[in-house]
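Open the structure in your viewer and keep the selection panel at hand. The stops below go from a sheet to the helices.

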Amino acid sequence: MSDFDPGRRRFLGHLGLAGLGALGASSFLSACASSASGPTTSNGSGAVTIQSNLSSPQAKAAMEKLIETFNAQGKGTASLNTIASETFRTQLPTYLTSANPPDLYTWYAGSVANDYASKNLLLDVSEVWKSLDDYPQSLRTLSTDASGKQIFVPMNNYWWGFFYRKSNFAKWGVQEPKTWTEFLALCETLKSKGIPPIGIGLGDTPWVASAWFDYLNIRINGAPFHRELLAGKQRFDDPKVKAVFTRWREALPYFDPKGKAYPFQEATTALLAGKTGMFLIGTFFADAAPKDALGDLDFFRFPIIDPAVPLAEEAPTDGFFASAKTANPTGTKALLSYLAGVEAQEAYVKASSGIVLPANPRAKASDSPLVVKGKAMLNEAKELTQFFNRDSSDALQPTADTALTKFIDKPDQIDAILREWQAGAEKVFKG
């Protein structure tokens, strides 16, 4: 599963039906949500409908294959309804609160799922988790709401890093940096060769900038402070947060100046074409990479800034949650059990670009060097974060988009920007 949310949401082919994103008529979409779950009988034995945002060709095809396999097993019947990712995100509350909602949803763990659970909109799937005792505690915790019940079933996760083409680094005579100082030196070398060192795609995908904030904050202030900040327990105008931007400002001269105008899709294209040196992005971007380019891709972790800060990495986890109002809870749980299994997760990884890690610890990931390296990086981390909106909320994400893009344009106004960000965040937290 690698269609996005911020951190991945409005991106490339994962907006496969982006032309439908302007379907603003909520009544029409509400009707779609109400009719999507298909016919059910009085005992709730009808087909389980999955509302999916996985609209890129590979991800959509992978999900279609999983549903086909499940239906052939005779343990239940399911149907797939694929929606453009951004449309899905904006309409998810409508889906869940409609009179006859779809049964199951592709989405992600974290604050959004917990918020829906707190409103009694999600099905308790603790029964499914009874057979998932080999899953790591970290994933069980991530899938558990404040009341202690499981409301999410993970399918896979992925990692973020600075991606680059190995052939280009070799051609330019440069190597992966380990520290921030080495990173800035690499940027200076690439700039001297006429290569914009750092790709960025802010166009209509401003959430890409949040990865920079997340990583700088967890590198400088640590993951616990980062989570507290995103939960409203710390302030965005705190001197600790200003320190994040002081470091970020050191890297700004190396950003691709064109990157502010075009979206993340074009930033990906620029990287693959050798028009930029590297790009801080999640592995999902590889879904749009030509097959012959995958073997030339590599990455390095976000450089260490303070060795005393426990190592954390961004590893967003995707999966499924179900409507509390499903007419077929038994069938929904049966489908979730299948999707949590080795067979389904290995099949999904195989059908996708392969640069994701299955949640099931017994499921084999791709043995490509890129995946082996990514898995090792996450295993070395002391803590895992999700992504800005996943660790905070979709409502807080626009405040980050505004603050971070303004900072990139006007870094000398950071004090005012942080005051504005704090004021905007307070409105969100106060509801």
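Two strands count as paired if DSSP finds at least two bridges between them. The model on screen is predicted. Start by selecting β1, residues 48-52, together with β2: the two pair in the parallel sense over five bridges. Within this pair, V48 sits opposite A78 of β2.

Six strands make up an open sheet with mixed pairing, in the order β2-β1-β3-β10-β4-β11. The edges are β2 (78-82) and β11 (357-358); each has a single partner strand, so one side of each lacks a neighbour in the sheet.

Helix α3 lies across β1, β3 (104-108) and β10 (317-322), and runs at about 135° to β3.

Move on to helix α4, residues 111-118. Which of the residues of α4 are buried? They are S111, V112, A113, Y116 and A117. Their cover includes α3, β3, β10 and α17 (388-391). Just after α4, select N120, which takes a positive phi of about 60°.

For the last stop, show helix α11 (residues 239-251) with helix α18 (residues 397-409). The two pack at an angle of about 45°, their axes 11 Å apart. To see the contact, display F245, W248 and R249 of α11 and L404, F407 and I408 of α18. Of the residues in this contact, five are nonpolar, none is polar and one is charged.

How values were computed: Residues numbered from 1 in each chain as written. Predicted model: local features only at pLDDT ≥ 70, side-chain atom pairs only at ≥ 80, totals over all residues. Heavy atoms only, no water. Helix = DSSP H or I, 4+ residues; strand = E, 2+ residues; numbered from the N terminus. Contact = heavy atoms within 4.5 Å. Axes fitted to C-alpha atoms, helices over the stretch in contact; angles between N-to-C directions. Buried < 20%, exposed > 50% of the residue type's maximum accessible area, 1.4 Å probe, protein only. Nonpolar A, V, L, I, M, F, W, Y, C, P; charged D, E, K, R; others polar.
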